[in-house]
Every structure is written in C-alpha cells, then in structure tokens.
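Visitor: I have a model open on my screen and would like a friendly tour. Could you take me through it?

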Protein chains: 2
Amino acid sequence: MVRGTQDGGVTPAAASGRPEGGWRRHLPILEWLPGYGRADLGNDLLAAVIVTIMLIPQSLAYALLAGLPVEMGLYASMLPLLAYAVFGTSRTLAVGPVAVVSLMSAAAAGQVAAAGSADFVAASILLALLSGLFLLALGLLRLGFIANFLSHPVISGFISASGILIAASQLKHILGIKAGGQTLVELAPALVRGLGDTNLIVLAIGAGATVFLFWVRRGLAPLLRRLGLSPRSASLLAKTGPVLAVAVTTLAVWGFQLTAQGVPVVGAVPQGLPPLTLPPFDLGLWSDLAWPAALMALVGFVESVSVAQTLAAKRRQRIRPDQELIGLGAANLAAAVTGGYSVTGGFARSVVNFDAGAATPAAGAYTAIGILIATLALTPLLAFLPQATLAATIIVAVLSLVDLGGLARAWRYSKADFLAMLATVLATLGVGVEIGILCGVGLSILLHLYRTSRPHMAIVGLVPGSEHFRNVLRHKVLTTPSVATLRVDESLYFPNARMLEDRVLALVAGNPALKHLVLMCPAVNHVDMSALESLEIINQRLKDAGVTLHLSEVKGPVMDRLARSHLLAELTGQVFLSQFDAIRALAPEIAAAAGRTAAA
Amino acid sequence: MVRGTQDGGVTPAAASGRPEGGWRRHLPILEWLPGYGRADLGNDLLAAVIVTIMLIPQSLAYALLAGLPVEMGLYASMLPLLAYAVFGTSRTLAVGPVAVVSLMSAAAAGQVAAAGSADFVAASILLALLSGLFLLALGLLRLGFIANFLSHPVISGFISASGILIAASQLKHILGIKAGGQTLVELAPALVRGLGDTNLIVLAIGAGATVFLFWVRRGLAPLLRRLGLSPRSASLLAKTGPVLAVAVTTLAVWGFQLTAQGVPVVGAVPQGLPPLTLPPFDLGLWSDLAWPAALMALVGFVESVSVAQTLAAKRRQRIRPDQELIGLGAANLAAAVTGGYSVTGGFARSVVNFDAGAATPAAGAYTAIGILIATLALTPLLAFLPQATLAATIIVAVLSLVDLGGLARAWRYSKADFLAMLATVLATLGVGVEIGILCGVGLSILLHLYRTSRPHMAIVGLVPGSEHFRNVLRHKVLTTPSVATLRVDESLYFPNARMLEDRVLALVAGNPALKHLVLMCPAVNHVDMSALESLEIINQRLKDAGVTLHLSEVKGPVMDRLARSHLLAELTGQVFLSQFDAIRALAPEIAAAAGRTAAA
C-alpha cells in the first residue's frame, strides 16, 4: 500500500518516543507495584538471596578499597537499594558499592583529608551526597546527554586502567606489607621496596584465596554441572565462591590465632542498624569535592545505564536514562544519610540478578533486607576476616574489567579513537583517575574539532542511469567543464569556514572554463555566522570572476536559517531542491546523457 | 560537451590548489622582485609617502597605548616592514604597530612587570619575539587552521570591545588626569574619581584634536573635492589630518610654553638608528608570556589575513595564509631584535596603501625608509608633542572598529553565535582581553558540541516524480508502513551516539508494521567508535525485534572505515548506494508510484 504522508505512514508522534509526563513518570515503582504477583515474589526472593551472598564480601571489600571502615560498605547496600527500587527504571539493576567508583572516591577524599581519618570518612559521605545531588539535578533538568561526552573509548580505557590500578593497590594486602600511592607510578616502586617485608602467612591466605576465586570463576560451574546440577544452578551456585573463601579464611585465622602472626584482619565492626549521618556543611570542602563528585556520578551513571540497557533489551523492556539519573541520585542521597558512600549499578551483580530471575526492582529491596539481617547477625564473625581475602575478592573481580584488546580494536578502526583511549589509559595509570578521564574527554573533543576543521570535500558527477551524484575520483560519472559541483562533507562552521573559501577559489582558479559552481549541501547540517560570512565572500568573489554560485540539497533547518540572512538575496545563482534539478537546469546535456546511458 | 571523468572535466589536481613547493615558496619576494619596473617604483613611492605620514603619529600613539616609550613605535615601523616585504605574500598589507595588539601587549606585560619599568619594556620585546616564533612555527608546520578557531562573532566582538576599552583608557590623557585600570570595570570609576583634577588646557588640546580628527574623517575629503581635487587625491590628502594635528598642537605647546601649565608631553626621544636588542632569557618569564604571546599572534594574524585577503581579491591576487604566518613571524622577530614591539598588518593603513596605488611589498620597504628619515630628522621636535594629541589619534582610530550592531545581526541569525559574541564582549570589557577571547572560543566550542549532541533527524519519503527524498513533515512525499527511512543530519560520534539508539528504538516501538529501517547517511561525515558500537547495538536489537537494518548513501570515507569493523558483516540488511535504490528494492510500489505521479 502506498500512501502520502497525510494519511499515515510514519507519523511524528510515533517517532518522538516521549513517555507519559507528570509526576508519575518520576515514580517508576507505580508501573510495577500494582501488578505485583506471587510469581514475581518467588523470582525476586531467589535472586535476592543469591545477590545478597555475592554482595556481602563485595561490599566489605569495596569499602576497604575506598579507604573506609568495612561497615560503610554494608550501610551503602541497604537504604540505597530501597531508594533505587522506588525511583529506578531498570527491573534488574543491582545497585551498591562498585570497584571503579570506590577507587575514585578514595582518590577524591584523599585530596582533602588524610586516609583513615574522620575527615576522610566525612569527605567520602559528602562525595555521595554531592554525586546524588548532581545526578538528581541532571535528571530533573533532562541533561543526561552530558554523560555522552564520555565516549566509548574513553570509558573503556578508563575502566581497564582503573582495574589495573585497583589490582595493584590491593597487592599490598596480599603480601601483608605497607605500600602507599594513588598511581601506578607511585605504587609499583612502593611494592618493590616492600617485598622484603612480605608476611608469608598473609601471602598464603591471599594467594590461596586468589587462586581459589579464579578457579571458582573458571572451574567450579563445569564441575557442578558434571556433578549433575543444571547449568543455571551450577552457574549461580558458583557465585557463592567468595563467601566460601571468606568463611574458610576467617575460620583459619580464628582457629590458628593468626592475628598473633601479624595477619591483618577487619577487626571489630559495629553491630546494628546504619547510623543517620549528615555530611559536613563546609562550603570550601563542598567546592573542593564538587568536581570529583560530578565525575564519579557521570562515570557511575554511564556504567550503570550501559548494563541496565543491555539487560532490558534482552527482555524487550526499556529504561529511561533521565529517570535513571533520578534513581541513582536518590540511591546516593540515601547512602549519604545512612553512613554509606557512593553507589551505582554494578555490572557483575546486575548480570547475576538478571540470570537468577529477578522480575522487578523488589529484588533489590529484598537484597537490602538480606544485607540488614547479615549486618545484625554476622558482624561479630567479621572480626577475624583477613584483609587479604577481601583483597583477593577485589583483584579477581576487577581483572575481569581489564580489556586492553580494546586498544587494538581502536587502532584498527580509528587512530583518533585510539589516541583518546591510549591517553586515558596512560593518564589514569600515571597521573590519577580524575586527570585520566578529563584527559580522555578533552582529547576526544580536540580531535573531533581537528577533524571537522579539515572537512572532506568532493567534486561529484552524475552516476549514469540515475539521478545520483558521487565523487569523480571514486566512481565513473558524467561531468562537464562549465559546471562544477562541490559536495561539502561537513557542517560549515568556524573551524572550517575559511578552508571552504580557499578550496573554492583554488577550484575556480584551476578551471578557466567554469561558468557555474554548485555547492551540494546534503551533508551540511549547520551553517554558523562565520561560515555565512565565508559564503557571502565566496559569492562576491565568484561574481567578480564571472562564475555563478548555486546551492543544492540544502537541508530544511539550514535553509530556514539562511533565509534570515542576506545571502539568499545576494546569491548570484539559485537554490535547487535536488542536485539533479541543478544539473537539469545548468547542464541539460548531462542529464540527457545520463538518461541515454540508462536506456542503452 | 559531456565527458566521463577519465577524459578531463574537473581534475583533482586542478582542485587541490597547492602552490609550488620548495624553499622558493617561502621567499615570495622572488615572485615580484625580478619583474620590478619603473611604473611599480612610482606607484610604490607615492603610497609609501602617504603611509609614512599616516604611520608617524600612529606608531607614536600605539606605543603610548602599549605603555612603552614612543620611539619603540618608530622602531617597530622599520625593520619589521622590510622583513614582511621579503617574506609576506600580500602586495599591499601595511605592517606595523596596531591598536588591538598594542592593548594586548600592555595587558600581558602588565601581568609580569610594573608599567613603565625596564622589565615592562623587556617583557614587551619578549612578547614580540615569542609571537614571532609562534607564527613562524605555525607557518612552517602549516598549522594556520588553528586561527580558524577564532570564529567571526568572537573576533568581531573582541575587536569592538577592545576598541571601547582602548578609547576608555585614553580618556585620562584627554582630561590630563591619572586613572589606572585594565578593564572597563576598573577604568570607569577611576575616571569618574579623577574628573575633579581635569587640566582644562589639556582638555582643550585633547578635545580640540579629537573633534578636528573626526571632522577630518567626515568633512575634509568632501571639502577638498569641492575645492577641485580629484576624489582619490582628496581622500588621500585627508589622511594627513593626524600629522597636521600633531604639528599644530606641538607648536602650540612649544609657543605658549604649556608644559609649565602641566600639559604632559612626549618629552625627549633618543635620536638615531634603532638599537639592537635581545629579549631576556628567563625561562619562567618565557613560560608566563608564552600563552599571551600566542593569543596576540593569533588575533594579529586573523585581522591581518582578513584585510590582506579582501584587498588581494579586489585585484584578483591571492595570498597564502601559511606563508603569511611566516611573513608576520619574521616581522615580529625583526621588531624584537631592533627595540620594537609586536606588529601585525593594520587595517586602516593597508587600505590607504592599497588606495594610494601600492603595487608591490616594496612600498612597505620605502615606508620603513621614510620612518627612518623621520626618526633621524624629527625626533627633537617631538619633545613638545602633547600626549593628549596622541590619545585623540587613538580614540578616533579605534572608535571606527567598534561595531556592536554585529550583536543584533548575530541575534537574528543564530542564538549560539550571539551568545559567543556577547560573552566575548562582556568578558573583554569586564575581565580582560585574554579572558575575553578565551571565553568566546571556549563557549563557541561548547555550543557546537551541544548542538551536535542533539542532532536533527528526519523521517523522509520519496518526492513524487523524482528520485529525491525529503522530510515527511516539510514536503508531500510517498511512504509505506513497512519501510521507514531515517535521515540522520549529523556525523555520528560520541556526543550523539546514544541518542541515535534511543531514537531508533522509539521509532520501532511506535510502528508495529515496520519490517525495514533504512538509515540514510548523506549527512553522516564520520562514524567514530562510540557510534560504531551504537550501530552494532541497534542492528542487534532490531534483529531481535524482527526489523531489518539497511544503510543508504554512506559516504566513501565512512564506508572505508566501516569496512574495517564487524558491522557490515553482521548487518541484517544491505548498504544501498542511493536511497532510491533502497526504496526500489524494499518497496517497489513506492518507486513505481513516484514514476506514475511523474507521468501523470
């Protein structure tokens, strides 16, 4: 069926994709809670149990990575999960502490306070508050597109470099030595200097746990399947590996009284509900931490949205990025007022939550309850948990994030993307996480500007037997000396406006027979004032040289804008709707030849 | 005559416009000196006399504006002109001190040394050296495109604001008071506070000279024409106005012994050849001044190239921007080693040089000789030249640069350009020249990124009777529910990659009958790695939804790049050379209907 636009086809409303408005759109819980049924409950409870078992060691370990008391990891895994369940749009995202954001939190807090001090803890809580406010503001103002400036190579390079940094920072716990440093440049020599002090018992625990956890990742699930479990059960059961490692090493430390041998343990952890906390109101501190908090929020958001979108697509669900900002913002605010620290959606836990069958965000709420029970019941047992085990948990988790093969893929596809990624990796490893990401973003923008400042332009001719025009250098096309068509493959704006002048004048100087020049503009998405002035200059200079300037295939939005200038009134030639119209008017013999060729 | 590409038409060589290579291209003097004739000599000598008469008061006045001893203005008007005559490509550009660069030089030197001190003079000379080295480097590396980042609205706003700042800074000389300050915010209150100290004799000289010079601009040429002179002679003779003002006020001060009445004069000026100077070799100072020197170089270059191109086009000559960098760089180095300060091509003087008939850069060399003679002969007379007269010369010259009407034009054409221009004007007036220009450039870049981050996309249909596709919302076109064509009006790169995902998924969700989605890419000039990943995700998600993804009108360079990725292998649909090919294959009834409509 063939239709005109008026009676259907693709309508603009169908294409806009805006969800319903009003305050209800900010409470996604209203979309699923009314229809919540018994089947959902069963699925969500099972997923919550598995995620809770996975989250206990992770929340302790990431708090350690963030330089905080381990209980703050537990606190960050309660109220924030409830807040996300109310405000988040992903059905399966598992919110809580994650490795990369924990590293960024440690780096940012370390810039304003000594590691381990009360000020350091206060700064970490403030970072969660500021991140939360920033995310909320972006969500309410619908400014989520800002996160898009973290390009794929930059994020990918940043995550890989962070993984390496984190693993390196945990080696000291595996060796049982002291070694400080925020960057690989500082960490590596400190580790080498400390090697002599290695505590062999700590090393045995740490290396043993690491090897065990790697084996759990690779070997346990196949073993369980051979023992007769279904693949899904085997895979989920294998997630209990870290808890097993924690239990065994804690028992060993307790049973053999290894604390007397200098094995560092987590120590006394306060038992009970999360405290109510308020971050310090110190304007100087707020402004010092605002920028790192914004970066942490953006990095956390990008990672979280990416995993949420991937999982949603598998079940034909959709997430709303602007509402995700609000959900993650609420989760961070919840962390800040209950003694937690910065949280976001975690990649590995979300995948486990999804695989375990979580049907609604209620699974996150049940996980929060699970963590609460664990905090109340298990904290006395944590006193003998060796830090080396937590370090092993972290190392095994983050090394799976490292994907330096992305560098090779970027090199093959685009040297600019490769450069941005390499700069991010090197600056993150060598200077620090904030500089690393800013370096990558800045270089991405500069390389983009450089590329658009030297636009590709092609002389085009008519493809025989069609109304289509292609590059004379790439295709066998029809041209005539009196008419030249220059296709400009870039928006015309200040970085490239003067280059267009040069190119056109060179073209005219090299073609004495030229009578008409057509600028073909299907790829010109914008003409700014600098380019407008260049076009006016080109028009005037061509007029002086006896050459008529025409435009073709000017886009609607560009035409609207040009109509507000003097260019169209002063243009020596015409504006053609299509390039074929231009050739039919200026060189009818070419149009006819194309037709003849088609008939032949 | 109709030809294929192979046998002529527009050839790529003709379109490249590269001038001849080798070292000779860096010595443009070789292009005109061998053919230099008697007629050229006459023309150049006349132009040189007129420009010299104009340049004497200007060079003294601009040195005063730069906070330097007046003789440095004369020194900057000798060897630099010879250097430009050897290395510059414009036949008519008049190089020397100019107002805006003098203001920038004063601001930059004032940041590292007290005004009037020997360090201040040394810093000003160093600025010329650094600007010269920067320009030379850009020219040799062919990096002149960097200047393009100074967009038209930013330069225009900067020049206007600088004109206002300069005029305000000279008011104290007209009033005979002390009033310091680098910005309008500092200058205005200082002037108001000082009003009570106004020296009425100074005011009489200054205001008299200002009114006289304004009348010379507007009224003298018409008067001379009425007295029987040819329009050209009248116009050129009117340029002697400033020299007349200098002579009359100097005589008045000398005759009436007005220095005893507190009239500030230029005072003793050393007579003789320019000294040989070497800027201080102080690495800290070099790094402090590197950035301001680069900005001065870029601003001077943009202004100079713009006037040079305008004048060259009037005589069908061409200038080579990369060689202009070398010419201006050599001129600044020449200034730095002979006691001068930063120079560039001046707008007003170049126009006068052109109008007076200058035929070759030799006119500049003769001007340098004229200034040398003046320095040797006239400097004793300058002792009684009142500063108020020089201030009047500056004010009348710079007020012609102020064009705030540009703000209104920018507002009508583009709000983004308006914002960039307004920010430049306000920051230049309120904070300073360097911040002003950096503000404008930064905002221009941010606004560009913001715009490209939300690209225009249009659902298009076939224009009846053609093979052309246009927006369904703007044109009456043919569509069918099973095939949607989305034209993406922007390069696909990291700021907008995820937006494309959202748009496509919304489109598919809103059209249950959809079987084929064609992404029409004539405006997609680049696909970076972030966008490549988005395209792969879109392809996968559409596959899951039973929709085939096709591409059409993908540009050659983009296709080359995509061929290095997995996208084309995994694409569910095809890549069509033209959108009409796509419709003919996917919805032949639409293609046929278009043909029928054409036949009807």
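This is a predicted model: local features need pLDDT of at least 70, side-chain atom pairs count only at pLDDT 80 or more; totals for chains, interfaces and linings use all residues.

Visitor: Is A:Ile590 buried or exposed?
Guide: A:Ile590 sits in helix α26 (residues 588-599) of chain A. The threshold for burial is 20 or more C-beta atoms within 10 Å. A:Ile590 has 23 C-beta neighbours inside 10 Å, so A:Ile590 counts as buried.

Visitor: How many Å separate the C-alpha atoms of A:Ile590 and A:Leu535?
Guide: Along the chain, A:Ile590 and A:Leu535 are 55 residues apart.

Visitor: What percentage of the residues of chain A count as buried?
Guide: Chain A has 26 helices and 10 strands, and its C-alpha atoms fill a box of roughly 95 × 60 × 55 Å along the principal axes. Among contacts in chain A between residues at least 6 apart in sequence, 80% join residues at least 24 apart. Of the 600 residues of chain A, the share that counts as buried is 55%.

Visitor: Are α8(A) and α19(A) roughly parallel or roughly antiparallel?
Guide: Helix α8 (residues 152-175) and helix α19 (residues 415-430) of chain A have axes 8 Å apart and pack at an angle of about 25°. Angles under 35 degrees count as roughly parallel. That angle therefore makes α8(A), relative to α19(A), roughly parallel.

Visitor: Is the crossing of α8(A) and α19(A) left-handed or right-handed?
Guide: Residues making this contact include A:Phe158 and A:Ile164 of α8(A), along with A:Met421 and A:Val425 of α19(A). By class, the contact residues are 10 nonpolar, 6 polar and 1 charged. As for its hand, the crossing is right-handed.

Visitor: Which helix of chain B gives the most to the side that touches chain A?
Guide: The contact takes 88 residues from chain B and 88 residues from chain A. The copies meet through the same surface, because 100% of the interface residues of chain B are also interface residues in chain A. On the chain B side there are 38 nonpolar, 29 polar and 21 charged residues. The helix that gives the most there, with 9 residues, is α21 (residues 497-509).

Technical notes:
Residues are numbered from 1 along each chain as its sequence is written. Chains are lettered from A and ligands numbered from 1 in the order in which they are written. Two residues are in contact if their C-beta atoms, placed from the backbone, lie within 7 Å. Helices (H or I, at least four residues) and strands (E, at least two) are DSSP runs, numbered from the N terminus. Ala, Val, Leu, Ile, Met, Phe, Trp, Tyr, Cys and Pro count as nonpolar, Asp, Glu, Lys and Arg as charged, and the others, Gly among them, as polar. A residue is buried if 20 or more other C-beta atoms lie within 10 Å of its own, exposed if 12 or fewer, and partly exposed in between; C-beta atoms are placed from the backbone. Axes are lines fitted to C-alpha atoms, for helices over the stretch in contact, and angles run from 0 to 180 degrees between N-to-C directions. Angles under 35 degrees count as roughly parallel, over 145 as roughly antiparallel, 65 to 115 as roughly perpendicular and the rest as oblique. A crossing is left-handed if the near helix is turned anticlockwise from the far one by less than a right angle, and right-handed if clockwise.
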